[in-house]
Amino acid sequence: MTLAAPQVSRGVTGAKPHAIVIGTGFGGLAAAIRLGARGYRVTMLERLDAPGGRAYMHHRDGFSFDAGPTIVTAPFLLEELWSLCGRKFSDDIDLRLMDPFYRIRFDDGKVFDYSGDPEAVKAQIAQYSPDDVEGYDRFMKYSEGVFKVGFEDLAHIPFTSWTDMAKIVPDMVLKQSYRTVYGMVSKYIKDPYIRQVLSFHPLLVGGNPFKVTSIYTLISFLERKWGVHSVMGGTGALVRGMVDLIEGQGSEIRYKAEVEQIMVDSRRRATGVRLASGEEIAADIVVSNADAANTYRRLLPATVRRHWTDRKVERSRFSAGLFVWYFGTKRQYPDVKHHTILLGPRYRELIEDIFQHKRLAEDFSLYLYRPTATDPSLAPEGCDTFYALSPVPHLESGTDWATVAEEYRAKIARYLSDTVLPGLEDQIATSLVTTPQDFQDRLNSYLGAGFSFEPTLTQSAWFRPHNVSEDVKGLYLVGAGTHPGAGIPGVISSARVLDTVVPDVSAFA
C-alpha cells in the first residue's frame, strides 16, 4: 500500500523529504535507520537527556543499569539494520548467548534451567513429570507452526484494512489462537511446574498468560531458533550502536526536545510538530515512537481523531505496570545466573490480582537480572549489578507509589536476602527504584503501563493501533503499542512495516 505524498513545504528547495521521529526507543531508532537508508532527512526528538526510552541506561556510583529491555532474541533483525548502513553488526556489538536462557526458581526452592537445548530441557522435565516429555515435543512443534505464521509471515506485514485481518483468520483458527497461552500449554503439559515454565513468557511483553492469545506461544520456538542473548556493555550499548548508525547517515538527534503537539492541517495531514518550547518543525511525515495511547490522547487534538478518541483509548485494556529496583552490591553472587525468574507462591491468582482485579498483592514474582554474570564491566571490581522487576497493576489500581514504594522495595530485599542473595540487605552499595508512576511521569506511558496495550486477541494485529494512523495522513506509529507488539523483536519489526507503508522519497519530487 502506497499513500499519497503529503503536499507540504520542506522549507529548503530541492532538500530531501523530511521525516520527524518522536522518541528514541528501539522502535524509533530502527525507524530512523530505515528512513535514512531510503533517502529521508531524519530528525529524532527525545524528551529525555539520552536515547533509549524504556531502554535508557542509568549510571550511579560506578554501576551501570539497563532500565528496561535486557533480552535480545532474533538478532538477524539487528544485523539487517547494520547492513542497511553498510556496516557489520558483529564489528560493533558483542552479543553473548545465554546458557541457560533463564533459571526458574519456584517458591518451594525447586529449580528449572530453561535453555535452547531440547534434550537438556526434556531431561529436566523428566525429573518433574516423565509423562510430559512427549507433550513438550508436541508443544514445541505447535509453537514452531505458530512462529511460522505469527512471526515469519505476519510480524512485518501492515494490518491497515480489515481485509488484511480476514486473510489470516483461517490460519489463526487452525492454530487455535482463540485459546490462551496457558490453555494451550495445558493441552500438552499436565505438571503444574512445567506449565509455569512454558507459559510465563507473555509476562515479559506485558501479557497475561491466562488471557493473551496462544499466538504468543511462538516465543518458545523463537528462543530455541535464535537463542537468548545479552549485549556486552548492557542493552544500552545496543542503543548507542544504533545512534551511531543514525548519526553516520547524517541524521540529527535532539535531546531534551519534548514534543507537545503533532501539527495537522485542514486535510487532517501531519505537517510537523510543535515542541514544548514553542518551536515548530515542519516535516513531510511524522513517525511516533511515543506511547501509542498518549500519541493520540496528548499529541493530537480531539478534533482530528475519529477513530482513536479519548473514549476508545480509555476503554482499551493496558498491560501490567512494572516495579523495578536497580541495585548494586558490595560483593558478588557467583551462583546467580544472568537471568533468573523467581515465581511466588501463587501463579494464576497473582496474575489475576495484577491484570483483572488491579490490586497490589502482598506476594510477588520477580525477574532478577544480573548482567555482571556475563559482563563484570557494569559494576566496580568485586561488585555486582542487579535489577529486580516485579509485574504490578498499572495506575488504575490507585496505588500511591510515593507512599508504598520503599515498603515494597524492602519486602523484595528481604525475600531476596532469604533466598538467592544471602545477606543482601547489608551489601547494598547503590539503589534506585522505578514505579508505574515513573513510567507515566517520565516516559509518558498511559496509566504507567509497562508495555502499552495489553496483547489480547481483540487488541492484536488489525485491532491494535495501526502502523499507518487511521486518523491522520502522513502519521505512522512504531513501538510496543502498535503492530506487532512489545519486546525488542516486536518493536524493531514495527519499523520494518514502514518499508511497506511509507512513500518512497521519489513521491515528494
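1. The model is predicted. In a regular strand, side chains alternate between the two faces of the sheet.

2. S1 spans residues 18-22. Five of its five residues are buried, so the strand is largely enclosed by the rest of the structure. Buried here means under 20% relative accessible area.

3. S1 has a parallel partner in strand S2, residues 41-46. Five bridges join the two. Within this pairing, the bridge partner of valine 21 in S2 is methionine 44. The chain gets from S1 to S2 by way of helix H1, residues 26-37. This β-α-β crossover is right-handed.

4. S1 also pairs with strand S13, residues 285-288. The sense is again parallel, and there are four bridges. Here valine 21 stands opposite valine 287.

5. Now to isoleucine 492. Which helix holds isoleucine 492? The residue is found in H16, residues 488-501. Isoleucine 492 has a relative accessible area of 1%. That is under the 20% cut-off, so isoleucine 492 counts as buried.

6. What does isoleucine 492 touch, leaving aside its neighbours within four places in sequence? Its contacts are Ala30, Leu77, Leu78 and Leu81. Glycine 479 lies 13 residues away along the chain. The C-alpha atoms of glycine 479 and isoleucine 492 are separated by 7.5 Å.

How values were computed: Residues are numbered from 1 along each chain as its sequence is written. This is a predicted model: local features need pLDDT of at least 70, side-chain atom pairs count only at pLDDT 80 or more; totals for chains, interfaces and linings use all residues. Side-chain values use heavy atoms; hydrogens and water are left out. Buried means under 20% relative accessible area, exposed over 50%, partly exposed in between (1.4 Å probe, protein chains only). Contact means heavy atoms within 4.5 Å. Two strands pair if DSSP finds at least two bridges between them. A crossover is right-handed if, with the strands pointing away from the viewer, the path from the first strand over the helix to the second runs clockwise.
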